[in-house]
Amino acid sequence: MNAYHPEVQDFLTALILEVVKGYDIDGIQGDDRLPAQPVHGGYSEYTANLYRTEHGGKFPPADARDPEWMRWRADKLNAFAERVYEEVKAADPSVLVTWAPSVYPWCYDEYLQDWPSWIEGGYADAVIPQVYRYDINAYEKTLNSQGIINHASENADIPLIPGVLLNVGSYLMPAEMVEKTVMINREQGYEGEIFFFYEGLRKEDDRNAEILRQLYSEGDNAEK
């Protein structure tokens with residue numbers, strides 16, 4: 001679907017609002033696909049004509065990574081994220097609107113996801129960057145770069161919560177890395193984390209669930 005097309009945005013918004021209004025839910029969440037569009041996209045007839053309308057008839061640049069062209073498309077996605085947030089809150093202010101995009105700036109460079117603007121604009125109840133790494137040193141380095149973004153934000157009170165890759169396919173995070181990941185998060189000032197995904201807790205006789213249960217019941221983690 002063309003993320004810039006109003007009918008697509010209307011359709012997705014209607015689906016979200018149907019769930020918000022019809023079911024007892026705590027929140028809705030976008031991810032690295034919502035709102036997003038591959039950086040090489042945006043050349044459909046509709047989107048090209050919209051760009052021309054706003055640029056005196058000039059066609060979109062052939063270079064998909066032209067800075068102004070990237071900024072224009074990202075701003076359209078930002079506006080859609082803000083719309084979703086506002087319409088959900090209008091339907092039910094208690095429903096959380098959270099986003100789980102890829103890490104910055106990769107998410108902007110590849111998917112035009114400008115989530116620092118979502119924080120600064122105040123249309124997020126939490127942002128959960130997918131700090132998905134298989135190596136603990138890479139995880140720590142990546143997490144540190146995301147924290148700098150949040151601390152510089154005008155809305156730093158909007159939580160930035162690390163997304164952790166617990167399980168995907170045949171990969172299951174080793175026990176030692178589970179412990180080190182939580183430790184690094186606490187050292188960098190994060191009070192919690194979100195693991196992807198549930199089955200990673202239950203494999204190998206609940207191994208990771210038991211590790212986390214112990215970690216969360218100790219010391220400063222007791223209330224997390």
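This is a predicted model: local features need pLDDT of at least 70, side-chain atom pairs count only at pLDDT 80 or more; totals for chains, interfaces and linings use all residues.
Residues are numbered from 1 along each chain as its sequence is written, and side-chain values use heavy atoms, without hydrogens and water. Local features need pLDDT of at least 70 and side-chain atom pairs count only at pLDDT 80 or more, whereas totals for chains, interfaces and linings use all residues.

**Helix pair**

Helices (H or I, at least four residues) and strands (E, at least two) are DSSP runs, numbered from the N terminus. The axes of helix H1 (residues 6-22) and helix H3 (residues 67-91) come within 10 Å and cross at roughly 25 degrees. Here axes are lines fitted to C-alpha atoms, for helices over the stretch in contact, and angles run from 0 to 180 degrees between N-to-C directions. H1 and H3 are therefore roughly parallel to each other, a term that applies to angles under 35 degrees. Contact (heavy atoms within 4.5 Å) involves residues of H1 including Leu 12, Ile 16 and Val 20, and residues of H3 including Phe 80, Val 84 and Val 88. The contact residues comprise eight nonpolar, two polar and five charged. In this classification Ala, Val, Leu, Ile, Met, Phe, Trp, Tyr, Cys and Pro count as nonpolar, Asp, Glu, Lys and Arg as charged, and the others, Gly among them, as polar.

**Strand pair**

Strand S1 (residues 27-30) runs parallel to strand S2 (residues 96-99), and four bridges join them; pairing requires at least two DSSP bridges. Gly 27 has Leu 96 of S2 as its bridge partner. Buried means under 20% relative accessible area, exposed over 50%, and partly exposed in between (1.4 Å probe, protein chains only). Gly 30 counts as buried because its relative accessibility is 2%. Leaving aside neighbours within four places in sequence, Gly 30 is in contact with Thr 98, Trp 99 and Ala 100.

**Backbone geometry**

Most residues other than glycine have a negative phi, and most peptide bonds are trans.

| Site | Feature | Value |
|---|---|---|
| Leu 34 to Pro 35 | cis peptide bond | omega near -10 degrees |
| Phe 196 to Phe 197 | cis peptide bond | omega about 5 degrees |
| Leu 112 | positive phi | phi near 60 degrees |
| Glu 204 | positive phi | phi near 55 degrees |

Pro 35 lies in the loop between S1 and helix H2 (45-54). Leu 112, in the loop between helix H4 (106-111) and helix H5 (115-121), is buried at 0% relative accessibility. Glu 204 belongs to helix H8 and is exposed, with a relative accessible area of 53%.

Terms used
Angles under 35 degrees count as roughly parallel, over 145 as roughly antiparallel, 65 to 115 as roughly perpendicular and the rest as oblique.
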